[in-house]
Amino acid sequence: MKTPSLLIVLSGPSGAGKGTLSKLLVKEMPNLYCSVSATTRPKREGEVDGVNYYFISEEEFMEMKAKGEFLEWAKVYDNYYGTPIKKVEEQLRKGNDVLLEIDIQGALQVKKRFSKGVFIFIVPPSIDELKRRIIKRGTDPQEVINKRMSCVQDELSYVSEYDYVVVNDNLETALEKLKAIITAEKCRPHRQKICIE
Ligand code: 5GP
């Protein structure tokens, strides 16, 4: 019996801690590949092309979209983001797990194509804490922060589309919960059956 590979989708409001949790998860799980998205958003200080994102022009993005090179794509806060499908399929075929850190619109598209994906919503302990984290991060101008904050209530209304909700009030605890979810998902009978040869 092979260990089934999982497609794991993490969503949640900006500042909920998805990025930090993804990095920690990848460090602890050797067979977990974190997908690198393409985006038209300007690079933030410290970000590296090909590591944090593939930073591309809107023209390049539209070309990739037209060629069907995205598993999903969405316009988020005025910029385009998309998951290149090739690497995701490659990694799943190799038997690795794949982690996507994407917005809700993208997650809903993935759900249609990969119904066996594991969909996890990360929430902050409170709206005030969320605002504090975004401001502390110091990477976004005030108008971007305002825009992101104004989307939060709407984003939270999509929680029921997900399989799990993890409150990120403490990084260590949230990480343990994510690892427990992955472990449990790998034990589910419908995943085992497809692997018995
Ligand atoms: P940021 O600009 O802060 O890196 O990301 C903004 C939002 O875009 C976050 O909610 C992030 O999860 C989402 N995002 C990042 N990459 C993708 C992607 O490939 N597809 C979709 N749909 N959303 C993405």
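Me: Buried means under 20% relative accessible area, and exposed means over 50%. With those cut-offs, is Gly-17 buried or exposed?

Reply: First, a caution: this is a predicted model. Now the case. Gly-17 has a relative accessible area of 17%, so it falls under the 20% cut-off and is buried. Gly-17 sits in the loop between E1 and H1.

Me: Which residues is Gly-17 in contact with, leaving aside neighbours within four places in sequence?

Reply: Arg-133 and Asn-168. Gly-17 and Ile-122 are 105 residues apart in sequence, yet their C-alpha atoms are 7.5 Å apart in space.

Me: Next, the core. Which residues touch the most other members of the largest nonpolar core?

Reply: The general idea: in soluble globular proteins, nonpolar side chains tend to be buried together. Here, the largest nonpolar core has 18 residues. Ile-8, Leu-25, Ile-120, Ile-122, Val-166 and Leu-178 touch the most other members. Strands E1 (7-11) and E8 (118-123) and helices H1 (18-28) and H7 (171-186) each give two or more residues to this core. H7 gives the most, with five residues.

Me: Which residues is Leu-178 in contact with, beyond its neighbours within four places in sequence?

Reply: Leu-178 is in contact with Leu-10, Leu-21, Leu-25, Ile-120, Ile-122 and Val-166. There is also a second, separate core of 17 residues. Leu-7, Val-98, Ala-107 and Tyr-162 are among them.

Me: On to the ligand. Which of the 17 residues around the ligand come nearest?

Reply: Ser-37, Arg-41, Tyr-53, Tyr-81 and Asp-103. Then look at atom pairs. A polar side-chain atom of Tyr-53 lies 2.5 Å from a ligand oxygen. A polar backbone atom of Gly-82 is 3.3 Å from an oxygen atom of the ligand. For Thr-83, a side-chain N or O atom is 3.4 Å from a ligand oxygen.

Me: How much of the ligand's accessible area does the protein cover?

Reply: On its own, the ligand has 510 Å² of accessible area, and the protein covers 95% of that. Strands E5 (70-76) and E6 (79-84) each give two or more residues to the shell around the ligand. By class, that shell has six nonpolar, four polar and seven charged residues.

Me: Where is Glu-47 found?

Reply: Glu-47 is in the loop between strands E3 (38-39) and E4 (54-55). Its relative accessible area is 14%, so Glu-47 counts as buried. Read its polar contacts next. The Glu-47 side chain makes a polar contact with the side chain of Arg-41 at 2.9 Å. The Glu-47 side chain also reaches the backbone nitrogen of Arg-44 at 2.8 Å. Not counting residues up to four places away in sequence, Glu-47 touches Arg-41, Pro-42, Asn-52, Tyr-53 and Phe-55. Two of those names, Arg-41 and Tyr-53, also come up among the residues nearest the ligand.

Me: Last, backbone angles. What is the phi of Tyr-77?

Reply: The general idea: most residues other than glycine have a negative phi. Here, phi of Tyr-77 is near 45°, a positive value in a residue other than glycine. Asp-78 has a positive phi too, near 75°. Tyr-77 lies in the loop between E5 and E6, and Asp-78 is placed in the loop between E5 and E6 as well.

Me: Is Asp-78 buried or exposed?

Reply: Asp-78 is at 51% relative accessibility, over the 50% cut-off, so it counts as exposed. Tyr-77, in contrast, has a relative accessible area of 17% and is buried.

Notes
Residues are numbered from 1 along each chain as its sequence is written. This is a predicted model: local features need pLDDT of at least 70, side-chain atom pairs count only at pLDDT 80 or more; totals for chains, interfaces and linings use all residues. Side-chain values use heavy atoms; hydrogens and water are left out. A nonpolar core is a set of buried Ala, Val, Leu, Ile, Met, Phe, Trp, Tyr and Cys residues joined through side-chain atoms within 4.5 Å. Buried means under 20% relative accessible area, exposed over 50%, partly exposed in between (1.4 Å probe, protein chains only). Helices (H or I, at least four residues) and strands (E, at least two) are DSSP runs, numbered from the N terminus. Contact means heavy atoms within 4.5 Å. A residue is near a molecule or strand if one of its heavy atoms lies within 4 Å of it. A polar contact is a pair of N or O atoms within 3.5 Å; within protein, one must be able to donate a hydrogen and the other to accept it, and residues adjacent in sequence count only if both atoms are side-chain atoms. Accessible areas come from the Shrake-Rupley method with a 1.4 Å probe; for residues, only the protein chains shown count as cover. Ala, Val, Leu, Ile, Met, Phe, Trp, Tyr, Cys and Pro count as nonpolar, Asp, Glu, Lys and Arg as charged, and the others, Gly among them, as polar.
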